[in-house]
Amino acid sequence: MTSARPERSISVEEGEGCLRGQFQAMASPCEVLCEIDDHSEARRLTSIAAAEAWRIEDKFSRYLPGNIIDRINDAAGKAVAVDPETSQLIDFAESLHNLSEGRFDITSGVLRQVWRFDGSSNIPTAAAVKKVLRRVGWHRVKWNTPQLQMLPGMEIDLGGIGKEYAVDRAATLLRDESVASFLVNFGGDLAVVREPRRRKAWKVGIESANTKSRDAGKLLSLQIGALATSGDARRYLLHEQIRYSHILDPLTGWPVPDAPHSVTVAADTCTQAGMLSTLAMLKGAQAETFLDAQMVRYWCDRG
Amino acid sequence: MSNKNKLNITSALAAATCTLLGSGAAEPVQAQEELGWGFNTALLYYGEDDNRVQDLSLSVLGQRTYLDDKFLSLGLTLDTLTGASPNGALPQSVAQTFTQPSGGKTYTTPAGEFPYDDTFRDTRVAISGNWQQPLGRMSLFNVGASASKEYDYLHLGLNAKFSHDFNQRNTTVSAGLAISQDELDPVGGTPTGLTEMISASDDDGEDGEGGRRKGPAESKDIIDVVFGITQVISRNFLVQVNYSYSDSSGYLSDPYKVLTAVDGVTGDVVPVPQLPGIDGPSHLYYYEHRPDSRAKHSIYTQGKYYMDGKVLDLSYRYMTDDWEINSHTIDARLRWPTGDNRYLEPHLRFYSQTAADFYTLSLVDGDALPEYASADYRLGDFDAITAGLKYGWKTGGGNDMSVRLELYRQSGNISSTDLIGNQVGRDNYPDLNAIIFQVGYKFGK
Amino acid sequence: MRISVLLAGLSVIATLSGCSSMGVEAWERDVLAKDEMQLTTDALEAATDDHIYFSKEASSGGRGFGGGGCGCN
């Protein structure tokens, strides 16, 4: 399956006391807010961020033939040697696998073959899930840097880490390229580069599923740090009145029961924020308890 | 899992991220929710033509969100009222003299003019507070109190409301209750209904003849209940329907208003004998008398429709009560964005009401007095229209500001069959023309 | 006649409450979340208008409760 390729162009427009560079990447609207006045400089810096986003998107996309992910997933049981960056991401995924007691697992993507979250009521049979589950599990992977070997039919998917990683990478590049303050926002996963000077803080809105008359979506002041959101907004199945979220438990093959509709976490880096929100979703009913114990600011929406 | 273990996730995660990103330890995040006080202030001028009522008021509403979606709002309003009000009597081809409510003095209305009592200068202070908090995930609870004081009037009230969302928050049902206990201590005492207007020197303040007594203050108790449903119809369309019931009991009359007694044939005022050395009314007038209870039912429906950046707000209210008053109100507003954070909002309101069953222009001298009667134009049969324009923008500091100018016009519907004799040629309803001008400013959170 | 109007109004409420299938998904609430789409966009302006019309007309309220009474009616 190939996804249609959106245009890779950059536009710069005036924001409130800043310049906003915009582009499409990783199936999301992306923007870089720059506290500078020079349009061409804003364009240059946005291009740097966009180039990094597109590079990571291409490198780790499931849909691009020939990239490292494709070679790994097509290996049919043979060992594949990976480059240093991929190696670090796989190391990171392994740490998360251990920290989450197995619930975060980059080999769980094949469950997609029986679970199609299109809003319909087609849930798979227990037998079908059991069959697919034989090709899921990090314990079935032989990982000795830089060699990765999996059973035939297994796949890895770095989509769960990719966007937040891209935000942090783009932020690092911008920090080195300029002394100004930036807000890097890839579709709601965002990070701040340097405390802003022209305002007290960058104002960021959290999307909220519910709209009580007074506040529909909270407004945060972010001086430094990052935000990431995990959500199930469009992806679910409705079968016999039960809503199955797209957060699948790789240990059972079934959706995590009682997962919140969305979790937003504020942390030092976008990667940490993203991982905390993902781990919270995987905890289902215990999401809030888990996040309380991490002593981070979070916003949990159970709709 | 022990607490110690849980905390290990944070530091372990930080370490893993550090390794991944290759940079040193990141700066600790600083993120706060925008909590804090927000203020909504308004300065209002209301002015009727013909030297009638003018009101200047200043209102401040402070609001604050607390953690866990709790919400407090506190309000304060100060207003000063000056100018003249129709006293219920009718224009005549002769001058008319009335006793002031405070007694001791009289005032005279020239021939051909509407009798106005211009002795009112009043200042009012009103405060209100409301606390809102969630009850579980899908319900909301509101509790509030209000109080106001003016020279002759004290109001105390409590209210509570409960609302519940369901159907994925597309439907909200709510129920509310408000109770008020008001006290009226009329200047000069409370007149006995449908007794003759006293003379100015009849100021002994004691009970008995003269029709006014300085007794304890009159009280008025009001209970209001409201039931409502709000329904999301589509992404751009929201509708609300409310049913309200209101029950008032106690002293509901206006102690400062009178009715004219007229000759049954000519329709002219009936002079009363003027005693030497005593200042008093020139003609026969009776203090009004309203029933001591009133039950009102209202149905109110409102819709908000979003079309391409513009918002149409349309509402209709039907009210009916046991005083035989029925009213229709149609209110339409269109918010029209005109640029960056600027908008124009034209406003149109139509109102019409039928008269109370005890409303009458005048009493016929010689006929038996009815149990209840009032000539207060506000209980009569009339139509009113408001047309206005509001302009809103964001100031340099990012705060919302607005100005609005509205014209309000009220005109009576008096059928000629209600008129007696010479009343036919005269103006019998004090048509109202007023300007509403308001400046609003929001700041804070 | 009054009773039938009230019944009509109550049946509107009953009909609306039967619309349990009507509405939008959580992610389609962007427009409804806007300030200008709230049922009361400016609480102060609504309270001021309610007070003016309460003192000049015989009807009051409808939307909810006002802040309180006054000696003006």
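## Strands S24(B) and S25(B)

S24(B) and strand S25 (residues 400-412) of chain B pair in the antiparallel sense over 13 bridges; strands here are DSSP runs of E with at least two residues, helices are runs of H or I with at least four residues, and both are numbered from the N terminus. Two strands count as paired if DSSP finds at least two bridges between them. B:Trp393 has B:Met401 as its bridge partner in S25(B). The two strands form a hairpin with 5 residues between them, and in the turn B:Gly398 has a positive phi of about 85 degrees.

This is a predicted model, in which local features need pLDDT of at least 70, side-chain atom pairs count only at pLDDT 80 or more, and totals for chains, interfaces and linings use all residues. Residues are numbered from 1 along each chain as its sequence is written, while chains are lettered from A and ligands numbered from 1 in the order in which they are written.

## Strand S22(B)

S24(B), residues 382-394, also pairs with strand S22 (residues 342-353) of chain B, in the antiparallel sense and over 11 bridges. In this pairing B:His347 stands opposite B:Gly388 of S24(B).

## Contact between chains A and B

Chain A gives 33 residues to the contact and chain B gives 27 residues; two residues are in contact if their C-beta atoms, placed from the backbone, lie within 7 Å. On the side of chain A, the elements that give two or more residues include helix H3 (84-99), strand S10 (219-231) and helix H6 (270-282). S10(A) supplies the largest share of that side, 8 residues.

## Helix H3(A)

H3(A) has 16 residues and reaches 22 Å from its first C-alpha to its last, close to the 22 Å expected at 1.5 Å a residue; the expected span is 1.5 Å times one less than the number of residues. Just after the helix, A:Glu101 takes a positive phi of about 55 degrees.

Among the buried residues of H3(A) are A:Leu89, A:Phe92 and A:Leu96 (buried: 20 or more other C-beta atoms within 10 Å of the residue's own; exposed: 12 or fewer; C-beta atoms placed from the backbone). Seen down the axis of H3(A), the buried residues fall within an arc of 155 degrees, so they line one face of the helix; the arc is that of the directions from the helix axis to the C-beta atoms. On the other side, A:Pro84 and A:Asn98 are exposed.
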